Amino acid sequence: MGRPVNHDHYPDAYIRAILGEAKVVAMVGASANAVRPSYFVLKYLLDRGYRVHPVNPGLAGQEILGCRVYGSLAAIPEPVDMVDIFRNAEAAAAVVDEALALPTPPKVVWMQLSVRNDEAAARAETAGLKVVMNRCPKIELGRLSSEISWMGVNSRTISAKRAPQLKSGKFQKLGLRQTFEGSD
Amino acid sequence: MADRAPGFATLAVHAGAQPDPTTGARATPIYQTTSFVFDDVDHAASLFGLQAFGNIYTRIGNPTNAVLEERVAALEGGTAALAVASGHAAEFLIFHALLQPGDEFVASKKLYGGSINQFNHSYKSFNWNVVWADQDDVSSFERAITPKTKAIFIESIANPAGEITDIAAISAIAKKHGLPLIVDNTLATPYLIRPFEHGADIIVHSATKFLGGHGNSIGGVIVDGGSFDWIKSGRYPFLTSPRPEYGGIVLAETFGNFAFAIATRVLGLRDLGPALSPFNAFQILTGIETLPLRMERHCANALKVAEFLSTHAKVAWVSYPGLPGDKGHALAQKYTPKGAGAVFTFGLKGGFDAGVKLVSEVQLFSHLANVGDTRSLIIHPASTTHRQLSDAQKTVAGAGPEVVRLSVGIEDPADIIADLDKALGAV
């Protein structure tokens, strides 16, 4: 990516690389309430084999889906590849600054659907991080694997390549596949 | 390098369909199965809780049907879709998601006769009340709105006369009053009109017609435009109240801009049951692959037939917006630059008896109650599809005694015209 990232429209290849390379994710604003999106996404990421560290000061020391909850990013005992932010745009800026101050900053900052903070994104990008805003990793994994197509959702992708099977052997889970992206 | 959306013809062939992940099958397999095994107990729980993407039971979803759903969603530019057993089932699930007993919706008077019956009679059992408006007087839609109104329903190209509706003007009224606009896009197909681009919020199809296109399978599709803000509106508890069936989940919150399509699936289709056969989905999908080619030919043939009829001595009038003199020609130029569709009506100077005679005399045209087949079709609405309406209702619906409806097929246009010419000679 030689050019600045256009945060209004991410190429599939950009998202696919981020989600394919990340292994350890910190989820800021994770919920223990089973009907909240921030619980759904945590569960889905675990199902797909990511190691997830929930961050929520109100639940610090407790567990969500078997994962210990931390009070801050700094409290997580290992470096994380990606910080997924389930907070509003204003709070997201503080989370980004907290991530940038870590001894080993993450490679990616991800803000959830409806969350966008361009100033914070610019600070992260200046520090060499990749940024995704106003997207959900569950939806993006579903789109790029075509799992979400089982729900009749428009994945906005087409491909003549089949999705790879995941190493877990679970057949109602698909790997990320190559997609056709015509270019201007 | 900015990526570019694939074109319509590419989507018609590819959208939703990649090689099968387990076998590599390139054509979409017909998953003729009722049920799907779970990976494990936790996976089953995730599926039933709407926490994972996957397949459970064909009444809720099926991988063949899912390809059809994504294909139509992509062609319409929607966020998601649901395929069901028929166009009527699709309409029913849409209103089931939007209306509570005692609610009203405003609908154009010019609709498919089956929709008029469904709205006027069947929906009364649910205390869902239609209020009719006139698409030739757009302000009548606004006058029909009351505090109980929950939606507006129109056809993009209206059955039976092929009239083109001013979608953008009616959308402006819907938006002003915070109502979702539902557009039946059956006769246009997304090849001719993409209603979301003109302000529609929900699209419904009878896929039986031009989408499938070969007169071999009944099916319906609901497409979610992702444009209506259910939470902000607060008038649609189906989408914004915690659902006890799913542990208190709020669909609009969880599924965002495709929540409407999900609601019609996980509540409507699951509980009311009008599932589409995967075999029908396969047939309709195969039809859609050639949709652009067929629609181009349908429209070219229809224009030739309309031109022929407009100068025929036994024809009183022709209603085809593709003709320069037609009252709807300006709307056709705005909404259907690629062709004004292939379903239209004309009037016989000989009235009811001439209509009955004409449908008996044709040899290439099939006399039947369908449209959007490769074959040319003909019907005399006053003696068939619209016969249960009163004479006044027939005239309002564009189905008066002298009216004949054509669905022009993709045969050689000279043969289509020759058949009509000979039959008109006998009238």
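Mentor: A definition comes first: helices (H or I, at least four residues) and strands (E, at least two) are DSSP runs, numbered from the N terminus. The model under discussion is predicted.

Trainee: By how much of helix 5 of chain A are A:Glu140 and A:Arg143 separated?

Mentor: The side chains of A:Glu140 and A:Arg143 meet in a salt bridge, 3.0 Å from N to O. Both residues belong to helix 5 (residues 137-145) of chain A, and because they are three residues apart there, their separation is about one helical turn.

Trainee: Does A:Glu140 count as buried or exposed?

Mentor: The cut-off for buried is a relative accessible area under 20%. A:Arg143 has 2% relative accessibility and counts as buried. A:Glu140 likewise stands at 2%, and therefore counts as buried.

Trainee: In what order do the five strands of the open sheet of chain A run?

Mentor: The pairing in this sheet of chain A is parallel, and the strand order is 2-1-5-6-7.
The edges are held by strand 2 (51-55) and strand 7 (130-132) of chain A, each having a single partner strand, so one side of each lacks a neighbour in the sheet. From one strand to the next, the twist averages 15°. To restate the order asked for, it is 2-1-5-6-7.

Trainee: What angle does the direction of helix 1 of chain A make with that of strand 7 of chain A?

Mentor: Helix 1 (residues 12-21) of chain A packs on the sheet, where it touches strand 5, strand 6 (108-111) and strand 7 of chain A. Relative to the direction of strand 7 of chain A, that of helix 1 of chain A makes an angle of about 110°.

Trainee: How many residues apart in sequence are the parts that A:Asp81 and A:Lys107 tie together?

Mentor: A salt bridge joins the side chains of A:Asp81 and A:Lys107, at 2.8 Å from N to O. A:Asp81 lies in the loop between strand 4 (67-68) and strand 5 of chain A, while A:Lys107 lies in the loop between helix 3 (89-100) and strand 6 of chain A, so the parts tied together are separated in sequence by 26 residues.

Trainee: Is A:Lys107 buried or exposed?

Mentor: Leaving aside neighbours within four places in sequence, A:Lys107 is in contact with A:Val80, A:Asp81, A:Leu129 and A:Lys130. The cut-off for exposed is over 50%. With 55% relative accessibility, A:Lys107 therefore counts as exposed.

Trainee: How do the contact residues of helix 3 and helix 13 of chain B divide into nonpolar, polar and charged?

Mentor: Helix 3 (residues 63-76) and helix 13 (residues 278-289) of chain B pack at an angle of about 35° with axes 8 Å apart, and helix 3 of chain B passes helix 13 of chain B in a left-handed crossing. Among the residues making the contact are B:Val67, B:Leu68 and B:Arg71 of helix 3 of chain B, and B:Phe282, B:Leu285 and B:Glu289 of helix 13 of chain B. The residues of this contact divide into ten nonpolar, two polar and two charged.

Trainee: How many of the six residues of strand 12 of chain B are buried?

Mentor: On one side of strand 12 of chain B, B:Val343, B:Thr345 and B:Gly347 are buried, and on the other B:Phe344, B:Phe346 and B:Leu348 are too. Strand 12 (residues 343-348) of chain B is largely enclosed by the rest of the structure, because the number of its residues that are buried is six of the six.

Trainee: Which residue in strand 15 of chain B does B:Phe346 stand opposite?

Mentor: Strand 12 of chain B pairs in the antiparallel sense with strand 11 (residues 315-319) of chain B over four bridges, and B:Thr345 is the bridge partner of B:Ser319. Strand 12 of chain B also runs antiparallel to strand 15 (residues 403-407) of chain B, joined to it by five bridges. In strand 15 of chain B, the residue opposite B:Phe346 is B:Val404.

Trainee: How far apart are the closest N and O atoms of B:Lys357 and B:Glu361?

Mentor: Both residues lie in helix 16 (residues 351-361) of chain B, four residues apart, about one turn of the helix. B:Lys357 is partly exposed at 35% relative accessible area, and B:Glu361 is partly exposed at 27%. They form a salt bridge in which the closest N and O atoms are apart by 3.2 Å.

Definitions and conventions:
Residues numbered from 1 in each chain as written. Chains lettered and ligands numbered in written order. Predicted model: local features only at pLDDT ≥ 70, side-chain atom pairs only at ≥ 80, totals over all residues. Heavy atoms only, no water. Pairing = 2+ DSSP bridges. Axes fitted to C-alpha atoms, helices over the stretch in contact; angles between N-to-C directions. Contact = heavy atoms within 4.5 Å. Left-handed = near helix turned anticlockwise from the far one by under 90°. Nonpolar A, V, L, I, M, F, W, Y, C, P; charged D, E, K, R; others polar. Buried < 20%, exposed > 50% of the residue type's maximum accessible area, 1.4 Å probe, protein only. Salt bridge = Lys/Arg side-chain N within 4 Å of Asp/Glu carboxyl O.
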